[in-house]
Amino acid sequence: MQLGSLKTVAAIFVAGFLILPFAKQGRAQESPKQQLSVSETQLRAFAKVYVEVEKIRQAYEPRLKEATNPEEGKQIQNEAVSKMKGALTKEGLTEEGYTQIVEIARADEGLRKKLVELINEEKQKS
């Protein structure tokens with residue numbers, strides 16, 4: 001149960017647009033101005049956050065599985081969420097801004113490909 005919660009929180013941050021169907025495609029296409037508002041800087045920040053959140057998730061999932069009681073699990077989960085939010089703040093993004101980029105990328109194949117490239121670049125740096 002606790003592991004599921006951490007995965008749910010991580011899923012908000014992790015770019016599900018890479019593997020999920022384009023459920024919100026119509027909404028993003030209705031507002032092309034949104035696509036123009038995503039700068040190269042925001043995309044690079046998104047990629048950095050994505051990679052950092054993956055590292056956090058990988059570090060905290062085993063700890064969460066090994067938690068001996070619900071209180072310990074909640075503490076571990078809170079610590080992970082705090083670090084994920086810290087990664088957003090460090091890169092100058094908000095949860096809403098991150099989610100907006102995900103939604104736009106779901107509808108824009110070119111942007112999605114660009115994000116995959118940037119994420120791969122970030123992974124190589126790590």
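Biologist: What share of the 126 residues in the protein chain is buried?
Modeller: This is a predicted model. Buried here means under 20% relative accessible area. By that cut-off, the buried share of the 126 residues in the protein chain is 40%.

Biologist: Which pattern does the protein chain follow along the sequence?
Modeller: The protein chain has 0 strands. Its helices number 7. Read along the sequence, the pattern is α-α-α-α-α-α-α.

Biologist: What percentage of contacts with a separation of 6 or more comes from residues 24 or more positions apart?
Modeller: A contact needs heavy atoms within 4.5 Å. Take the contacts in the protein chain with a separation of 6 or more. Residues 24 or more positions apart account for 82%.

Biologist: Are H4 and H5 roughly parallel or antiparallel?
Modeller: Helix H4 covers residues 40-65, and helix H5 covers residues 70-90. Their axes lie 9 Å apart, at an angle of about 170 degrees. Angles over 145 degrees count as roughly antiparallel. H4 is therefore, relative to H5, roughly antiparallel.

Biologist: How many residues of the contact of H4 with H5 are charged?
Modeller: H4 brings Glu52, Arg57 and Arg63, among others. From H5 come residues including Glu79 and Lys83. The contact also has 10 nonpolar and 2 polar residues. The charged count is 5.

Biologist: How do H4 and H6 lie, roughly parallel or perpendicular?
Modeller: Helix H6 spans residues 95-107. The axes of H4 and H6 are 11 Å apart, and the angle is about 105 degrees. The range from 65 to 115 degrees counts as roughly perpendicular. H4 and H6 are therefore roughly perpendicular.

Biologist: How many residues are nonpolar in the contact of H4 with H6?
Modeller: On the H4 side are Gln42, Leu43, Phe46, Val49 and Tyr50. They meet Tyr98, Ile101 and Val102 of H6. No charged residues take part, and 1 residue is polar. The nonpolar count is 7.

Biologist: Which helix gives the most to the lining of the largest pocket?
Modeller: The largest pocket holds about 160 Å³ of space. H4 and H5 each supply at least two lining residues. With 5 residues, the top contributor is H4.

Biologist: How many charged residues are in the lining of the largest pocket?
Modeller: The lining includes Lys48, Glu52, Lys55, Lys90, Glu91 and Glu122. Val49, Gly86 and Ser126 are also among the lining residues. By class, 3 are nonpolar and 2 are polar. The charged residues number 6.

Conventions
Residues numbered from 1 in each chain as written. Predicted model: local features only at pLDDT ≥ 70, side-chain atom pairs only at ≥ 80, totals over all residues. Heavy atoms only, no water. Axes fitted to C-alpha atoms, helices over the stretch in contact; angles between N-to-C directions. Helix = DSSP H or I, 4+ residues; strand = E, 2+ residues; numbered from the N terminus. Parallel < 35°, antiparallel > 145°, perpendicular 65-115°, else oblique. Nonpolar A, V, L, I, M, F, W, Y, C, P; charged D, E, K, R; others polar. 1 Å grid on protein atoms, 1.4 Å probe; cavity = no way out; pocket = protein on both sides within 12 Å on 5 of 7 lines; lining within 4 Å. Points joined across faces, edges and corners; volume = space filled by probe spheres on them. Buried < 20%, exposed > 50% of the residue type's maximum accessible area, 1.4 Å probe, protein only.
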